[in-house]
Amino acid sequence: MVSKTFFIVAIVALVAVNQAAQRGGGGNGNTQAPTSPVTGSSVSGKALYYSYSCYACHGYNGETGRAFVGNWSSNLASEDSFIRFLRGRANVAPLTPSTSMPNFAENTMSDKQAKDIYAYIRTFKAAQPEVKNIPLLNQIVEDASKPSENKVRGATRPVK
Amino acid sequence: MAKKNDSLNRRGFLKGAAAGAAAGAVSVVTPATVTPATPAETQVGGNAAPVVPAPTQQQLARETGAVRPPANVRAVERPGSDLMVQVLKDMGLEYVAANPGSSFEGLQESFINYGNPPNKTPEFITALHEESAVTMAHGYGKAEGKPMIALLHGTIGVQHAAMSIYQAYHDRSPVLMIAGRDEGFIAAHTAHDMAAMVRSYTKWDAQPKTLAESLTALQRAYNEAVTPPTGPTLVVLDTELQKEEARELKVPAYRPPQITGIDSTRAREIAKGLLDAQNPRIAVGRLRTPQGVKSAVELAELVGASTSTTATNGPMSFPQRHPLCGPGASTSYDYTLGLETPGAQVSLIGPGLATLLSRDSANIGFGGITPAAGGRGGRGGAPAANANPPIQVDAETSLPAIIDEVKRQITADKRRGIEERKAKHAEANQKAFVEALTQAVQARRNGWDSSPVATARIYAELWPLIKNEDWCLASPSGFSGGHNVQLWEHNKPYSCLGGQGAGGMGYGAPASVGAALAAKSRNRMVINVQTDGDLNYAPGVLWTAVHHKLPMLTVMHNNRAWHQELMFVEYMCGVRGRGTDRGHIGTSLREPFIDYSKMAAGYGMASEGPITDPTKLAAALKRGVDSVKRGEPYLIDVITQPR
């Protein structure tokens, strides 16, 4: 069973992840490209991204859920900032992580593994088109822009 | 009523005789199998559980169909169950859902054969699980604001249904349940007080002793279900009462419940407040029935009030795209009326679940349960700190008196001002909606071309296909992103039926089937965006949808996991410093993946998928909508992004 309470907790947690990420240890602002060389293996990182269930919160390509592609957090600015963010307080106080995202101590994810995951994440490209290039979304907005009087026609009709 | 005998009643004797005759042997039904055991007989040691006698061979033969049923050894001209069904017909109940049980075989026979035409109002709907039957009624109740019936077989049926009853109770959905009770049959299937096991989350129950009492109990159960706080009610009907000869007993006339509304003084004050205000506001929560929604619209239009709504998250609220729905031309409201929601000046809020704690203890027992104090996500939320205490009265019942007072007090001058205000509100609300939507689509394009498919795309692609139809989103949308809230326009009392009630799984499909029962005769279609974990609780409802040709489109949000729990467990693994690489154990649905298209096909439902390519989604959805419009339910398995 999944309770609504848990669901709300999860939402709050995810929001907190983002907020914490924004104020996290990277310190380089909302950078879009890595600020230092990417040295890990994206091939290995892909397997780790799935096996460590990173996709569960961030989508299969970082575009959905707690998305980061196209809005790269400062925590993702470099390998060092990524590892620093993952570790948080995990090595000293794992039960009180620095963010609502689970922190990863060195004994559960090595620096090399973290760098591999980072390399894989950094292969993600913002693939979604601009809204202007998605006719369906434009049509939805256009339809909604029509006078609203007719939209509730029948809304209050007697229901059998 | 047939008199029960403590040692061996007629029912038990006849069953035994029938079994014996069919078996070609002399039937001996021992008193031990039909007599309630004494405490001394049922206790082993001080704290041991009562021992229930094991079914006899004759009883098991009866249960497994190896014998001729006893019905043909009894002849009645006017069975009591015919009168029970007539009572239900008189109250306009449309459907009764059940999987069969011998404790209500008399009643079932009347449902399908009594009346002209037979098996209409109510129509018998074949369910494959009691939990499904009650959740169907739960969904139907939210869509229509009135009950349908779920039949339950003895102790085992009531317990199968228990989770669904619990959800309907928390969701305040009116549901009328009938449980058959066969005291002379298998002891494990009966109880002295059948409703006891679900009483703490059932609004009202009764176990009548006579046929006449049974008829009035059914009427009261209906009235209790639709009276605030609305909820599930249960009548336990002995099989003897169902089968006894009614003779000249008359069906009592039905009298609808008298629901308390606001008094005339309060109505006058509220009408004056709304008319004197320069910028009145009406905050609309969840009303009881479509009539309440109609009244709320009438009042808002009369006084030119801007309104808020809960229609994007649940049933029976103000139409989302009504010109008065939105923030209005100004958010400096000088008089706010809350209808089933807290408001700044006056709130009309009907009695909640907590009032059930003080209900008739002689009839109800130990009282109902309410959400625990301190829990989050409870219904309605807490009133604002500066809000006046609500008036404890049903808002829907109160609206006609307020409307009458407004009509009496309104002047030509006020009418002119109101018309001007309404025009300004309409313009401002339209602008606000389009601005919000324009922002929303920016976020909804995330992952637009992703494979697996982004959940936002499912809702976006569905909208143009259903926007000109009469539709009902019956499934909860929270797990699939809630994208309907911003992309769709919820203008009917049943546009969005909202969440599960108590957050329990196994809700989406059966609730959608119930909503589709309501939709079938109303030229409406039901959309069920179905999470995969939820469907696996009781997928047999897909067969029910096919069997009864229900207008239901199911689109799988198939992320191959109980995804919320996957994230929770992953989090727990992480904070305990043990790594997240085993977080999928017990939370994911892989090895093998479940093929929902084949599952649907197995139940006879037209289906397709799995779809992973987002460019193939629109055509599939169109095929699904077209199928449903032809009266054939359809399922599309879409492999989705996790969230």
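This briefing walks through a predicted model with chains A and B. In it, 66 residues of chain B are in contact with 53 residues of chain A. Chain B is assigned four domains, listed below.

**Confidence in chain A**
- Chain A has a mean pLDDT of 76, and 72% of its residues reach 70 or more.
- Among the elements of chain A, helix H5 (residues 111-121) has the highest mean pLDDT, 97. Helix H1 (residues 4-22) has the lowest, 38.
- Over residues 1-31 of chain A, pLDDT stays under 50. The model still has 65 contacts beyond four places in sequence for this stretch.
- Residues 153-160 of chain A also stay under 50, with ten such contacts beyond four places in sequence.
- Where pLDDT is low, predicted coordinates should not be read in detail.

**Where chain B touches chain A**
- The contact takes in 66 residues of chain B and 53 residues of chain A.
- On the chain B side, the elements giving two or more residues are helix H12 (290-303), H15, H16 and helix H21 (563-575).
- H21(B) gives the most to this side, with eleven residues.
- By class, this side of chain B has 27 nonpolar, 23 polar and 16 charged residues.

**Domains of chain B**
- The assignment gives domain 1 (10-72), domain 2 (80-243), domain 3 (264-354 + 386-428) and domain 4 (445-639).
- The C-alpha centres of domain 2 and domain 4 of chain B lie 29 Å apart.
- Their contact takes 24 residues from domain 2 of chain B and 25 residues from domain 4 of chain B.
- On the domain 2 side, strand S2 (123-126), helix H7 (130-144) and helix H8 (154-170) of chain B each give two or more residues.
- H7(B) gives the most to that side, with eleven residues.
- The residues on the domain 2 side divide into twelve nonpolar, eight polar and four charged.

**Helix H15 of chain B**
- H15(B) runs over residues 412-444, which is 33 residues. At 1.5 Å a residue, it should span 48 Å. Its end C-alpha atoms are 47 Å apart, which agrees.
- Its buried residues include B:Arg421, B:His425, B:Phe433, B:Leu437 and B:Arg444.
- What covers the buried residues of H15(B) includes helix H6 (135-144) of chain A. From chain B, the cover includes strand S8 (306-308), helix H16 (455-466) and helix H17 (484-487).

**Helix H23 of chain B**
- H23(B) has 13 residues, 617-629.
- B:Leu617, B:Leu621, B:Gly624, B:Val625, B:Ser627 and B:Val628 are buried in H23(B).
- These residues cover an arc of only 160° around the axis, so they sit on the same side of H23(B).
- An α-helix has 3.6 residues a turn, so residues three or four places apart point the same way.
- The buried residues of H23(B) pack against H16 and strands S12 (525-531), S13 (552-558), S14 (606-611) and S15 (634-639) of chain B.
- Just after H23(B), B:Gly631 takes a positive phi of about 95°.

- B:Met552 lies in strand S13 of chain B.
- B:Met552 counts as buried because 33 other C-beta atoms lie within 10 Å, and the cut-off is 20 or more.
- B:Met552 and B:Val625 are 73 residues apart in sequence, yet 8.7 Å apart in space, C-alpha to C-alpha.
- Beyond its neighbours within four places in sequence, B:Met552 has contacts that include B:Ser512, B:Val526, B:Val628 and B:Pro633.

Notes. Residues are numbered from 1 along each chain as its sequence is written. Chains are lettered from A and ligands numbered from 1 in the order in which they are written. This is a predicted model: local features need pLDDT of at least 70, side-chain atom pairs count only at pLDDT 80 or more; totals for chains, interfaces and linings use all residues. Helices (H or I, at least four residues) and strands (E, at least two) are DSSP runs, numbered from the N terminus. The expected span of a helix is 1.5 Å times one less than its number of residues. A residue is buried if 20 or more other C-beta atoms lie within 10 Å of its own, exposed if 12 or fewer, and partly exposed in between; C-beta atoms are placed from the backbone. Two residues are in contact if their C-beta atoms, placed from the backbone, lie within 7 Å. pLDDT is the predictor's confidence in each residue, from 0 to 100. Ala, Val, Leu, Ile, Met, Phe, Trp, Tyr, Cys and Pro count as nonpolar, Asp, Glu, Lys and Arg as charged, and the others, Gly among them, as polar. Domain bounds come from an automatic or database domain assignment. The arc is that of the directions from the helix axis to the C-beta atoms.
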